[in-house]
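Good morning, and thank you for coming.

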Amino acid sequence: MSRQQRKLEHIKYALESNQEGWSPFDDMEIVHQSVTSLHWEDIDLQTNVGGLALSSPLFVNAMTGGGGSKTEKINGQLAAAAAVTGIGMSVGSQMSALKDPSEEPSYRIVRKENPHGIIFANVGTESTVEQAQRAVDMLEADALQIHLNVLQELIMPEGDRNFRNMESRIESIVQGISVPVIVKEVGHGLSKETARKLRELGVRYLDSAGKGGTSFSKVENRRRKDPLSVFDGWGIPTPASVKEIREVLPDTHLFASGGIRNGMDGAKSLILGAEGFGMAGSLLKVLMEDGMDALLNRIGAVHEELRIIMMLLNCRQPKQLAGKPYVVTGYLKEWLEKRAT
Ligand code: FNR
């Protein structure tokens, strides 16, 4: 199967397997507060995450590119929506364009549609420093994401089996690249142990990309004749990943993603200590099923929900949400309590 065909299958199966109905964020409730001292116009969604000046904590997380004109169209629409709403955006893995320059337009469209926006490039850990820099240059990107997807590769019949150089590659890219490097998962979550390891390698920006939304083990299982379905539920729930990373690494810049469906889930991730949050599958689903206007409405709704919660909790800026009172119940409570060591 060609890489291009694989990219299109990822979109198809990610849309089919997105767990719209359930997220571990349902097991977390923000405690309502009744007195505020703010005017609606005091609420300012702008936020700085390390060296990245974002006009909103929300960004469109890495999804596509490398699947010819179909993925060029999707990336163009996502980028146009990001430009109109002033949110950041990441592209899917650029390894395909680094290996086959005819795929570059499916990524370059993002900078074309959003000349002044915040854009993240994206590579895997097989990337050399030189390839990573080319991925950044291709988009004039403001940051580079490196995705960690060992489980996905192992479930993919044609996937990589050799990760011996993973740590040294990450370390070299962090040292050799001119923009912030964000290390992320693909729906299985970063643990505190992984986060500490990445910190030792020099990584200063993380994205939890946890369990609760799109799962790439599930997506790859849909592509297999003999699914390894025991891995369908594998991973660390996003709120647990964010909470445990923040507890051990108070100074690391942290994005939340994985199963974030709305502004309420986003606000919960900020309360747990994330500084920004990404949405991937749920935004793609809106775009593909209901079109561009619906996508713009959804992003607008996420912002409005977030502003309302900030108003209720008396927070002028997204960072002031950190540490606000909440209650956890059910599965998430058990996970947090039973997590060994
Ligand atoms: C992804 N994701 C992803 N991540 C990455 O770093 N590189 C990639 O190429 C892709 N490709 C990709 C394709 C599609 C169709 C989807 C839906 C997702 C993973 C994505 O960035 C994110 O980490 C997970 O999808 C979890 O977030 P959601 O979907 O639950 O919001």
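Predicted model: local features only at pLDDT ≥ 70, side-chain atom pairs only at ≥ 80, totals over all residues.

**Helix 7 and its surroundings**

The buried residues of helix 7 pack against helix 5 (129-139), strand 7 (143-147), helix 6 (150-155), strand 8 (181-184) and helix 8 (192-200). Here, contact means heavy atoms within 4.5 Å, and buried means under 20% relative accessible area, exposed over 50%, partly exposed in between, with a 1.4 Å probe and protein chains only. Helices (H or I, at least four residues) and strands (E, at least two) are DSSP runs, numbered from the N terminus.

Which residues of helix 7 are buried? In this helix, which covers residues 166-176, they are M166, I170, I173 and V174. Seen down the helix axis, the buried residues of helix 7 fall within an arc of 100°, so they line one face of the helix; the arc is that of the directions from the helix axis to the C-beta atoms.

Residues are numbered from 1 along each chain as its sequence is written, and side-chain values use heavy atoms, with hydrogens and water left out.

Let me turn to the whole protein. It contains 14 helices and 12 strands. The C-alpha atoms fill a box of roughly 60 × 45 × 40 Å, taken along the principal axes. Of the 341 residues, 56% count as buried. Among contacts with a separation of 6 or more, 75% come from residues 24 or more positions apart.
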